[in-house]
Amino acid sequence: GGKKLWKVMAQKPVEAELEVHVPARKNQPGRDVVVELRSSKVELVPPKHKKDMGTVQMWAVYVVEKDSDPESDRLEWMLLTTEPTETTDDAITRVEQYRGRWGIERDHRCLKSGCRMEDRQLQSGEGLQTCLAMDMIVAFRIYRLTMLGREVPDMSCDVYFSECEWKALVTYVEKDPEAAEGPPPTLQEAVEMVGLMGGYRKRKRPPGDQTMWRGIQRLADMAEFRRIVYNNEDATKPPGPL
């Protein structure tokens, strides 16, 4: 109808209210906000200089922080999709799908910055696929560890690390073999320890993906060494003065 999309969607009736968690950003802590959801089928016209392209029919899902000042740094999303969004439940599903982008972006950042996927010098597509498959496992493991450390920080780290791994980690960081004879550290403590091995210096923000990647690499070698010295993963006393 020749109207602006944002203005049209803002005038649509509110279909539902949702609570959305916004991850922490630079200089902004994470927070939970209540948002209003509106959705509608829309027809988008092409730019003025490309009239021959024709119109595009899509569904718009408009999400805006409730009772917020338009001039403030409020949460406001305009999601456009070709997926049929006929009902309120469909619109809520689109919001949930979009919220997954933070995890996807972190996983890709692990591949790029941690595993340095772009620096691979492979000569065949098959070799690249094989390398990517292995790097994706590493990237996901790093991402999962950092998320567990933030979401369930007080949980014992043995839900993620093997006994050999967390004992090697504690022994190295504390510089004391007897330190590994106590209970396993929490996930938050273990994440910080891995970060320290990767070059992390204690700051207000938790270790980054690249730092965690370096720490995990070093921990793998240390755990393997401990496994050799102890003959098996569950041994508690090393043979000899080690």
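Predicted model: local features only at pLDDT ≥ 70, side-chain atom pairs only at ≥ 80, totals over all residues.
Is Arg 101 buried, partly exposed or exposed? Arg 101 is partly exposed, with a relative accessible area of 27%.

1. Residues are numbered from 1 along each chain as its sequence is written, and side-chain values use heavy atoms, with hydrogens and water left out.

2. A word on exposure: buried means under 20% relative accessible area, exposed means over 50%, and partly exposed lies in between (1.4 Å probe, protein chains only). Helices are DSSP runs of H or I with at least four residues, numbered from the N terminus.

3. Back to Arg 101. Its side chain meets that of Glu 105 in a salt bridge (2.9 Å, N to O). A salt bridge here is a side-chain nitrogen of Lys or Arg within 4 Å of a carboxyl oxygen of Asp or Glu. Glu 105 and Arg 101 are about one helical turn apart because they sit 4 residues from each other in helix α3. Glu 105 is partly exposed, at 41% relative accessible area.

4. Now look at helix α7, where Glu 224 and Arg 227 lie 3 residues apart, about one turn of the helix. Their side chains form a salt bridge (3.0 Å, N to O). Glu 224 is partly exposed at 40%, and Arg 227 is partly exposed at 26%.

5. Glu 36 and Arg 38 also join their side chains in a salt bridge (3.4 Å, N to O). Glu 36 is buried, with a relative accessible area of 16%, and Arg 38 is buried too, at 10%. A search of the whole structure finds 8 salt bridges.

6. Next, the inside. In soluble globular proteins, nonpolar side chains tend to be buried together.

7. Finally, find Glu 178 in the loop between α5 (163-174) and α6 (187-197). Glu 178 is exposed, with a relative accessible area of 57%.

Conventions:
Helix = DSSP H or I, 4+ residues; strand = E, 2+ residues; numbered from the N terminus.
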